[in-house]
Amino acid sequence: MAEKITPRSVDYSQWYIDIVLNAKLADYSPVKGCMVIRPRGYAIWERLRDELDRRFKETGHQNCYFPMFIPESFLKKEAEHVEGFSPELAVVTHAGGEKLDEPLVVRPTSETIIWNTYKGWIQSWRDLPLLYNQWANVVRWEKRTRLFLRTTEFLWQEGHTAHETREEAVKETELMLEVYRRFAEEVLCLPVIAGKKSEAEKFAGAVDTYSIEAMMQDKKALQAGTSHFLGQNFAKAFEVQFQNREGTLDYVWATSWGVSTRLVGAVIMTHSDDKGLVVPPMLAQDELVVIPIFKSDNKAEVLAYAQKVADALKADGRRVAFDDDDSSSPGWKFAEWEMRGVPIRVEAGPKDAAAGNVVMVRRDTGEKLVVKADEAVAKARELLAAIQKNLLEKARAFRDANTKPVADLAEVRAFFGKEKAKAHEDGEAHLGTAEVPGGFALGLWCGGRECEAALKAELKVTIRNMPFDRQAGAEGGTCCLCGAPSKHRAIFARSY
RNA sequence: CGGGAUGUAGCCCAGUGGCUAGGGCGCCAGCUUUGGGAGCUGGAUAUCGUGGGUUCGAGUCCCACCAUCCCGACCA
C-alpha cells in the first residue's frame, strides 16, 4: 500500500535510498555495487547529459568514443596514475575461451588509452588543440557503494584535451570548470563552490585538480565535477611530442574533466523532501501532470475538459503526463506524483470544469493556486521558472546558513563535533544522520599535508577545495589547524 | 577487508521441531467508487538463499558457503 519514505530526521541515508527506490529511479542489480537505472532515473540523466553536451559543443568540443578495454600495461605508464587506480581495477584475463597474453583492464578512466592514441594524431602545433569528449561507462571496484553516488559501474563524460602551451591548457581547465559551475547552478539548481583541490585530494596523475563542491541536506559535501590540469605527465608517459612554432620538439599539455551519474544523486539529495523526489523543472521527465477528477456520471465531460488543458500545455512545448487511470483515487495519484517529483500537478475536476478553472499545485512549496483554464499555459511557464529559481535559492540559503569561518583547531573541533563512529560508540544514536554537526568550515591553511591528514584521522573532515574567490588575504595569517603561516583559504567538510 | 543486519510469493512480513507453509500489500477478472494513498467478490503466484549435517520428521536446530543492505577504512 502506501510506500513509506523514512523521514530525513530519522535516517538521512535510508531516506535517500527510499527516494531512489520508491521514485523508481534505480534498482539494485545482481552484481554487487552495480545499479540498474530505471526509465525515470535515466530520463533525468538524459536531460542532464543533453544540456551539458550542448554546452560542450558550444565551447568548441567534439564527441568521440574510445574502447572500454585497456591493455594492462598502459595503466602502469604513469606512476601516480597506476598507484591511484590499481586497487579498484576490474581485469579481464580470459576471453574467447582462452587466457589472454596480456590482461585487459576495464577502463576506470581513459587517459591512458586516449594518450596512447593521441600519439599518432599529433605531430605539429598545427594539429593542436584537440578538444574531445566522450560519453562512456567506467568501472571502479569501490569497497563501498551507494545508488548513483558511487556505483561500481557508472556513466559519465570525460573530456580529454591536448594543447600547445601550459597557459592554454590551464585556461581550458578553468573554462571547463566554469562550464560545470554554471551548468550546476542553472540546470541542476546546485549552488557550488569552485576551487582547487589540495595535493592529497587531487586526481592521480594530475598537476592540479579543480572541483565544484555542493552541500547536501545532511551538510556533507559532494564533489559534483572535476577538471584536471594534467601538465605534460601523460604526454611524457606516452611520448606524445610535437614540433612547436619555434621548430623544436615539446611535450603536449593536457587536461581532462568529467561529471558522472553521481550528479543525479546530488540533485536528489539536495532538493527532495520526505514526500519524495523533487527535481528542477529543467530535468523533470514530465514538467506537469494533469489529473482529471471524475465521478462515473461525469467522467466523459471531465476527461474532455482536462484533456483540453493538457493539450494546450503540450502545444506550448510542455512535457505533460495525463493520469486518467480510473482504478486509483485522486489521493493516491497526488501522493504518487509527488513521490515521482513532478514539479506541477494540475487538478481538473467537475467543480473546476463548471467554473472554467484548474488547480495548480507546486511540488517545491505545496502551494495551491486556482487558475483560469485559459491562463494555465502562461501560469505553467511562470511557475516552472519560479520553481527552478526557488530550488537554487533554497539550496544556497541552506548552504550559506551552514558555512562558518573557523580560526583555530578549537573552533574546527567545536564546529564538527565528534566524528560519527566515535559518537556511535558513545551511544549517541543518530548523531551523524539528520542532525550531524558541521557543514562547510572556511579557514586559513598552511598547505601542509600533515595537518590535513591529522584532521581527517581525527574528525573525518577533509579539505574540499580552496575556493578561487576566497583567496584574497589568505597568505600571512595562521593555519587554523596547526598555527603555521597560512597560504590558502580552504573549505573543510565531511564528504561523500 | 572489519563491524552489524537480512535472506519464506513481485513487495513487506508471520510461521516458537509435527497434518496440505499463512497474512497484508501488489497483481489478474468482475462489480462498485474517485477533490489527499477507497470497497466487495473471485483468482493466480513459493526450488522457504545454496550445500551439508542432526532427527522418525527441518522453513524452524547445527555447520559451511553465497548474496544483498547498513556502518567504517578507499574513492567521482
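Colleague: Glu287, buried or exposed?
Modeller: Glu287 counts as buried in this predicted model. Its relative accessibility is 7%, so Glu287 falls under the 20% cut-off.

Colleague: Where does Glu287 lie?
Modeller: Glu287 is in the loop between helix H8 (262-271) and strand E15 (288-292).

Colleague: Which side chain does the side chain of Glu287 join in a polar contact?
Modeller: That of Arg318, at 3.1 Å.

Colleague: And what else is Glu287 in contact with?
Modeller: Setting aside neighbours within four places in sequence, Glu287 is in contact with Pro281, Gly317, Arg318, Arg319, Val342, Pro343, Ile344 and Leu384.

Colleague: Back up a bit. What does the domain assignment give for chain A?
Modeller: Domain 1 covers 12-271, domain 2 covers 288-386 and domain 3 covers 403-493.

Colleague: How many Å separate the centres of domain 2 and domain 3?
Modeller: 48 Å, with the centres taken over C-alpha atoms.

Colleague: On to Thr462. Which strand is Thr462 in?
Modeller: Thr462 sits in strand E22, which runs over residues 462-467.

Colleague: Buried or exposed, that Thr462?
Modeller: Buried, with a relative accessible area of 8%.

Colleague: What does Thr462 touch?
Modeller: Not counting residues up to four places away in sequence, Thr462 touches Glu201, Lys456, Ile491, Phe492, Ala493 and Ser495. The Thr462 side chain also makes a polar contact of 2.6 Å with the side chain of Arg464.

Colleague: How many Å apart in space are Thr462 and Arg363?
Modeller: 35 Å, C-alpha to C-alpha. In sequence, Thr462 and Arg363 are 99 residues apart.

Colleague: What order do the strands of the open sheet come in?
Modeller: The order is E3-E7-E8-E14-E11-E10-E9-E22-E23-E21-E20. That makes 11 strands, with mixed pairing.

Colleague: Which are the edge strands?
Modeller: Strand E3 (62-63) and strand E20 (403-406), and each pairs on one side only.

Colleague: In what sense do E20 and E21 pair, parallel or antiparallel?
Modeller: E20 pairs with strand E21 (residues 440-445) in the parallel sense, over four bridges. Within that pairing, Lys404 has Ala441 in E21 as its bridge partner.

Colleague: Which strands does helix H5 touch?
Modeller: Helix H5 (residues 111-121) packs on the sheet and touches strand E7 (130-139), strand E8 (153-163), strand E11 (221-231) and strand E14 (253-260). The direction of H5 makes about 30 degrees with that of E8.

Colleague: And what does helix H12 lie across?
Modeller: Helix H12 (residues 376-401) lies across strand E9 (193-196), strand E10 (208-215), E20 and E21. H12 runs at about 25 degrees to E20.

Colleague: Now the backbone. Which residues does a cis peptide bond join?
Modeller: Leu128 and Pro129, with omega about -5 degrees. Pro129 is in the loop between H5 and E7.

Colleague: What is phi of Phe148?
Modeller: Near 70 degrees, a positive value in a residue other than glycine. Phe148 lies in the loop between E7 and E8, and Phe148 is buried, at a relative accessible area of 1%.

Colleague: And phi of Glu239, what is that near?
Modeller: Near 55 degrees, again a positive value in a residue other than glycine. Glu239 is in the loop between helix H7 (233-237) and strand E12 (241-243).

Colleague: Is Glu239 buried or exposed?
Modeller: Exposed, with a relative accessible area of 52%.

Technical notes
Residues numbered from 1 in each chain as written. Chains lettered and ligands numbered in written order. Predicted model: local features only at pLDDT ≥ 70, side-chain atom pairs only at ≥ 80, totals over all residues. Heavy atoms only, no water. Domains from an automatic or database assignment. Helix = DSSP H or I, 4+ residues; strand = E, 2+ residues; numbered from the N terminus. Buried < 20%, exposed > 50% of the residue type's maximum accessible area, 1.4 Å probe, protein only. Contact = heavy atoms within 4.5 Å. Polar contact = N/O pair within 3.5 Å; in protein donor to acceptor, adjacent residues only side chain to side chain. Pairing = 2+ DSSP bridges. Axes fitted to C-alpha atoms, helices over the stretch in contact; angles between N-to-C directions.
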